[in-house]
Amino acid sequence: MGTPETSREPCPDRILDDIGGAFGMGAVGGSAFHFLKGLYNSPKGDRFVGATQAVRLNAPRVGGSFAVWGGLFSAFDCTMVYARQKEDPWNSIVAGAATGGFLSMRQGFGASARSAAFGGILLALIEGAGIMLNKFLSTQQPMPIMMDEPPPPPLPEAGSPGWLGGWFGGGKKEETSTGAESETKILESFDAPPVPNFEYK
């Protein structure tokens, strides 16, 4: 089972992949949220029209915001992969902190530092949860104990009187075969079938 780092796209393509995925996630989630909000806030006769108008106005904006965040995060993540020459959770944590700080840069240094700390902590929690989940899923579950069942009773042979033969006059059949003949019959039953020849003639 691959880890999230190894199952992702290679680094330059990862940026476009994450931008598209983040835009789709933001557009779908924003559509659902603003549709319900538009239904609630619209007047009684025009609820559906108000909900669709709220989706048209707000869902692309939410999707764009998610796409900007996803693109910046991927760009910082690829920068960390290039700088450190390895893929591990630290790349994502630093990329989350850098993305949060970069997006809040216009509010000043204090707001940018708070956003960077929040982004780093959030990504550390996400990465820690992913590592714990991988460890939990990779631990081998104990195998159940299989109980051997006794073999079923042997079926009577074609010439034998059957299970009730002793009660109705069949009696026991005397064994005339010697040990060597029975051993030969047992060994013949283990012979492998002939191997087919697939040569073209």
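F35 is partly exposed, because its relative accessibility is 27%. Partly exposed here means between the cut-offs for buried (under 20% relative accessible area) and exposed (over 50%), with a 1.4 Å probe and protein chains only. F48 has a relative accessible area of 56% and is therefore exposed.

The structure is a predicted model, in which local features need pLDDT of at least 70 and side-chain atom pairs count only at pLDDT 80 or more, whereas totals for chains, interfaces and linings use all residues. Residues are numbered from 1 along each chain as its sequence is written, and side-chain values use heavy atoms, with hydrogens and water left out.

The pLDDT is the predictor's confidence in each residue, from 0 to 100. Its mean over the protein chain is 78. A value of 70 or more is reached by 70% of the residues. Among the elements, α2 has the highest mean pLDDT, 89. Helix α5 (residues 179-189) has the lowest, 56. Where pLDDT is low, the predicted coordinates should not be read in detail.

The protein chain contains 5 helices and 0 strands. Its order along the sequence is α-α-α-α-α. Helices (H or I, at least four residues) and strands (E, at least two) are DSSP runs, numbered from the N terminus. Of the 201 residues in the chain, 22% are buried. The chain exposes about 16100 Å², and carbon and sulfur atoms supply 67% of this area. Accessible areas come from the Shrake-Rupley method with a 1.4 Å probe; for residues, only the protein chains shown count as cover. Contact means heavy atoms within 4.5 Å. Among contacts between residues at least 6 apart in sequence, 54% join residues at least 24 apart.

A27 and A59 are 32 residues apart in sequence, yet their C-alpha atoms are 5.1 Å apart in space. Leaving aside residues up to four places away in sequence, A27 touches A59 and G63.

Aromatic pairs were then examined. Rings of Phe, Tyr and Trp (its six-membered ring) pair if their centres lie within 6.5 Å; planes under 30 degrees apart count as stacked, over 60 as edge-to-face and the rest as tilted. This rule gives 3 aromatic pairs. F35 and F48 form an edge-to-face pair, because their ring centres are 6.0 Å apart and their planes meet at 80°. The pair links distant parts of the chain: F35 lies in helix α1 (residues 11-41) and F48 in helix α2, 13 residues apart. W69 and F73 form a stacked pair, with 5.3 Å between centres and 10° between planes. Both lie in helix α2, 4 residues apart, so about one helical turn separates them. W69 is partly exposed, because its relative accessibility is 34%. F73, at 10%, counts as buried.

Helix α4 (residues 109-138) has 30 residues. Its first and last C-alpha atoms are 43 Å apart, close to the 44 Å expected at 1.5 Å a residue. The expected span is 1.5 Å times one less than the number of residues. A111, S112, G119, G120, L123 and E127 of α4 are buried. The buried residues of this helix pack against α2 (47-84) and α3 (89-103).

An unreviewed UniProt entry places the feature "transmembrane region" at residues 115-137. UniProt positions are given in the numbering used here, feature names are shortened, and annotations may be inferred rather than shown by experiment. In the model, residues 115-137 are 100% helix and 0% strand. The end C-alpha atoms of this span lie 33 Å apart.
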